Amino acid sequence: MAASAQRARPAWIGLWPILPALLFLGFLFLYPVAQLLWLSALDKASGDLTSAHYVRLFASPLYVKVLRITFEIAGWTTVFVILGAYPVAYYLATSSERRRNALMLWVLLPFWTSFLVRTFAWIVLLGRNGAINKWLQALGITGEPLDLIYNFTGVMIGMTHALMPLAVMTMVSVMENIDANLPRAASTLGARGGQAFWRIYFPLSLPGVAAAGLLVFITALGFFITPALLGGRLETMITQVIITQIQTMMNWAFGGAVSMLLLVAALIVFYLYDRALGMSTLAGSAAASQGEGRPNPVARLGAWAGGHVLDLLGRICDTVAGAWERVFPARPDRPRADRSRMVLTAVVALVIFFLAAPTFFIVPVSFTTDAFIEWPPKFFTLRWYQAYLDSPTWMSATVRSLMVATVAAFLAMLVGAPAAFILARRSMAGKTAAMALILSPLIIPRIIIAIALFYFYARLGLVGSSLGLVLGHAVIAVPYVVVTVMAVLKTYDERLDQAAGSLGANRVQTLWHITIPLIRTGLIAAFLFAFITSFDELTIALFVSGGLATTLPKQMWDDSLLKVNPTLAAVSTMLLVFVTALILSAEYLRRRAAAR
Amino acid sequence: MAGKDGITRIGKLEIGRRRILHLAGGATVALTAPAYWRKLSAQEKRIVIRDPGGPYAEGFTEAFHKPFKAATGIESIGVAGQHEPTSLIKGMVDTKNYTWDMALLTSAACDQLVAEGGYVEKLNVTSPNIESTPKDFKNEYFIGNNIFTTVFAYRKDAFKDKKPPSNWAEYYDTKNFPGRRALRKHPFDTIEQALLADGVAPDKLYPCDIDRAFKKLNTIKKDIKVWWEGGAQTSQMLKTGEVDLCPVWNGRAQTVIDEGAPVEIVWQNNLWSAEGWCIIKGTPKADMCREFIKFAADPARQAVWTKWISYGPAHPDAYKTIPEATAKKLPTYPANFKTAIKADAAYWSKNKDKVTEQFEAWLLS
């Protein structure tokens, strides 16, 4: 065991890599935010301790109801995202590297269009006179336009679309490390396709599913623009209520109380998840079943039930496949087609089409002569591109956003990745508490973090500085980095490191030559999530910069005060082309280097 | 663009191309830039003014910022801040970090900052133009610049051979005026509209009879296709015909009409509010802000920005220099203002907490 080498030193010294993350979040998140939330326990006028705000929280059924709606929406979003993302991730992980990299570009498409543009794309695509309804009617499938938005369906489409790339990336980085020989070995031992998948491959991929589910669920809890623009009367998210309290009512105390309600509820869910399947799938080893951790009854029940469900799923699949073959027997004169792969390909194609749909729409719209984002576009003009490229405002906003996001993402990696190593590999006291702290920046609404940071920065003289913006963005990016890296480490075979060590490599050499190359995809995914989190962030930017330094989301938001015009589509298209070119050339260089 | 004329507008970062090259040049420059910004605003003869951005920014640059610099030597810099930035202003005052010196706010936001403990300065400034600005548009902390109003707009193609609705009662009459309707997912204005639709006389509107309003709202609840939350959403819906009828801020509807969509505004009993200048409490530049306020009260200057924003100038004399075609679109144009009702910010500042809670619970029930 690695621990034996350090027996002489106290155990906690070996845990130092987690300290930067804890200190970083403690200093820039916990301390300022706790001060703000503490207001919820004080009387506004006298400053005395009071429970009044919490009493009010439960006096009206409204807040608990909105909380329930928020959890329902986040829960369903997670279900749909995982269902859609799993086949794609599986397909990518089991394809050749060349195909995987090409398809990944498509999966990542939603990332490069700002949330504002994406949401308006859905409004126009799904509206009563939108493209989809027009096609459905033209094909005679429906007579009347369908209500695809301003209801639950619209919210699900928008949120699933926004969060699916996150899930695919997380799961691919885990699945890549699954040894392809294991399902093959199962087949050799007589398992049919269904059994081999459900009983061997699927359990091995669970850390990815768990990590993706956790990230998607918690991110979804904080959504408010998408549900506000695509939802109806019943789709009110708790973040909206908090923002109303903070901005319109200027009631920070009560806004803080509602935030505490959200935080506590989310942490309870996280705790239960952790007990039932969490740490055993996401971190540590499969602790519960191997007796290393505490075998708690919930986990044992979960494992027992899980095993039977998987067995059943495997049987169902094999029965269906068997029946299919009886109805359509394989023709001996033709090579046996891999039918399950064909079904998988079809499903993956559908999901990728869904992910790319708004982009297919945004690109043509950027050439429209109309002053609105509308379908069908009226061709042809380049004036929206000219408006973008000629404007120093847009240019500097783009450059600034790219730079802030890059630095913030590096910082988040630097702080988050070492912590992930400790959380994934070591047992330590208070691990759940550490995870809770690391996840909290995703649960606490951005506006709370923004105000807290403003007061904190004012004391440090950081208000209006890019450093302040970078630090603030890194705070909300760290959770993505930690969870993603933890997930990929879970499937990483630590014996490889030990082998390197026994061959004389020191720790740094092992990390640099063995570990990092093997978890590359996971690290890239983590970096991308951190980058996008910063690149698409508006609230913290508005507060910290006071509007003085423009970032791209702020410029887009500013530009669409009266209407969302096609400049935004042009900006998104440019970014898309830029990022795709960047990735393709990096890929080209890498391949050339590999060939040499 | 403003940059060409050497006017610095920080929110827009129009410092010229050389600066941009610097930015593109390296991370160091951009990351140290903020220190530069702060130095800027600490310098003499320069004030930073928050506005809502977009067309406001363009309009105010031409109407105020350029001529103000020429006339007084004080540079005024427009910065786009978030919607209802009361929290940020509170933060600035609490921590004495004056990123902004003054702000264009709704009178409701200004009232609130006063009520929360004086986060804005008393104006203490006067001039003939300030004197002659109507009393309704100003108080000791606030001087109106532009009047915006909530009207409703309809798609003309949806009422081709039918009589379109012409008041709030008809907006609520789904039987005689069928069509897809929207309402704002917020009690402000929506409560008043329901009461007007139920026959409450405009002068008896406040204090609002909330129970009566909800009773009226119940009659239309299931017929509302879209509950909108943002202004850009309303212009988009009117443009694409997602709804046939929509309560909307007049400026957003005007944008759609100006783009040639078959949309018409109904001005009957529109509910107006004022947006105007406030000085942030404790700013060392308060006196320069007062200079700006005097300058901005000039009706001839207010007439200029109406080219960009379809909101009504606070000073009536502005109409002397506004072309008739533009004037007809504005809320303070006499024909449009005739039946207008002042949205009572004082009523709402007292009741919004309770009524908002009730409204949100009603939506979910």
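Mentor: Domain bounds come from an automatic or database domain assignment. Keep in mind that this is a predicted model.

Trainee: Which domains does the assignment give for chain B?

Mentor: Domain 1 of chain B takes in 2-147 + 274-337, and domain 2 of chain B takes in 149-273 + 343-364. Each domain is therefore written as two stretches of the chain.

Trainee: How many residues does each domain of chain B put into the contact?

Mentor: Domain 1 of chain B supplies 14 residues and domain 2 of chain B supplies twelve residues. On the domain 1 side, the largest share is five residues, from helix H5 (residues 107-115) of chain B. By class, that side of domain 1 of chain B has seven nonpolar, five polar and two charged residues.

Trainee: Next, the two chains. How many residues of chain B are in contact with chain A?

Mentor: The size of an interface is often given as the accessible area lost when the parts come together. Here there is a residue count instead: 64 residues of chain B are in contact with 57 residues of chain A.

Trainee: Which elements of chain B each supply at least two residues of the side that touches chain A?

Mentor: Among them are helix H1 (17-25), helix H2 (27-42), helix H4 (86-95) and helix H16 (345-364) of chain B. Strands are also included: S2 (75-80) and S7 (224-228) of chain B. By class, the side of chain B that touches chain A has 24 nonpolar, 22 polar and 18 charged residues.

Trainee: How many helices and strands does chain A have?

Mentor: Chain A has 27 helices and zero strands. Its radius of gyration is 25 Å, close to the 25 Å that the globule rule gives for 596 residues, so chain A is as compact as a globular protein of that length. The C-alpha trace of chain A spans about 70 × 70 × 55 Å along its principal axes.

Trainee: What share of chain A counts as buried?

Mentor: Of the 596 residues of chain A, 49% count as buried. Contacts can also be sorted by separation in sequence. Among contacts in chain A between residues at least 6 apart, 80% join residues at least 24 apart.

Trainee: Where is confidence lowest in chain A, and where is it highest?

Mentor: Start with the average. The mean pLDDT of chain A is 86, and 92% of its residues reach 70 or more. Confidence is lowest in helix H14 (residues 287-290) of chain A, at a mean of 38, and highest in helix H3 (residues 62-93) of chain A, at 96. Two stretches of chain A stay under 50. Over residues 1-6 of chain A, pLDDT stays under 50 and the model has one contact beyond four places in sequence. Over residues 283-293 of chain A, pLDDT also stays under 50, and the model has 22 contacts beyond four places in sequence.

Trainee: Back to chain B. How many residues of strand S5 are buried?

Mentor: Strand S5 (residues 142-155) of chain B is mostly covered, with 14 of its 14 residues buried.

Trainee: How many bridges join S5(B) to strand S9 of chain B?

Mentor: Eleven bridges join S5(B) to strand S9 (residues 263-279) of chain B, and the two run antiparallel. Phe148(B) stands opposite Ser273(B) in S9(B). Strand S8 (residues 245-249) of chain B pairs with S5(B) over five bridges, in the antiparallel sense, and Thr150(B) stands opposite Trp249(B) in S8(B). Strand S10 (residues 312-313) of chain B runs antiparallel to S5(B), with two bridges, and Asn146(B) stands opposite Pro313(B) in S10(B).

Trainee: Through how many residues does a hairpin join S4(B) to S5(B)?

Mentor: The hairpin from S4(B) to S5(B) goes through two residues. Strand S4 (residues 138-139) of chain B pairs with S5(B) over two bridges, in the antiparallel sense. Lys138(B) stands opposite Ile143(B) in S5(B).

Trainee: Last, the backbone angles of chain A. Which residues does a cis peptide bond with omega of about -5° join?

Mentor: That cis peptide bond joins Trp375(A) and Pro376(A). Pro376(A) is in the loop between helix H16 (339-365) and helix H17 (383-389) of chain A. Phe379(A) and Phe380(A) are joined by a cis peptide bond with omega of about 10°, and Phe380(A) is in the loop between H16 and H17 of chain A.

Trainee: Is Tyr150(A), with its 27 C-beta neighbours, buried or exposed?

Mentor: A residue is buried if 20 or more other C-beta atoms lie within 10 Å of its own. Tyr150(A) has 27 such neighbours, so it counts as buried. Tyr150(A) has a positive phi of about 65° although it is not a glycine, and it lies in the loop between helix H7 (131-138) and helix H8 (152-175) of chain A. Met250(A) has a phi near 50°, also positive in a residue other than glycine. Met250(A) has 20 other C-beta atoms within 10 Å, so it is buried. Met250(A) lies in the loop between helix H12 (238-248) and helix H13 (252-282) of chain A.

Notes
Residues numbered from 1 in each chain as written. Chains lettered and ligands numbered in written order. Predicted model: local features only at pLDDT ≥ 70, side-chain atom pairs only at ≥ 80, totals over all residues. Contact = placed C-beta atoms within 7 Å. Helix = DSSP H or I, 4+ residues; strand = E, 2+ residues; numbered from the N terminus. Nonpolar A, V, L, I, M, F, W, Y, C, P; charged D, E, K, R; others polar. Rg over C-alpha atoms; globule rule 2.2 N^0.38 Å. Buried ≥ 20, exposed ≤ 12 C-beta atoms within 10 Å, placed from the backbone. pLDDT = per-residue confidence, 0-100. Pairing = 2+ DSSP bridges.
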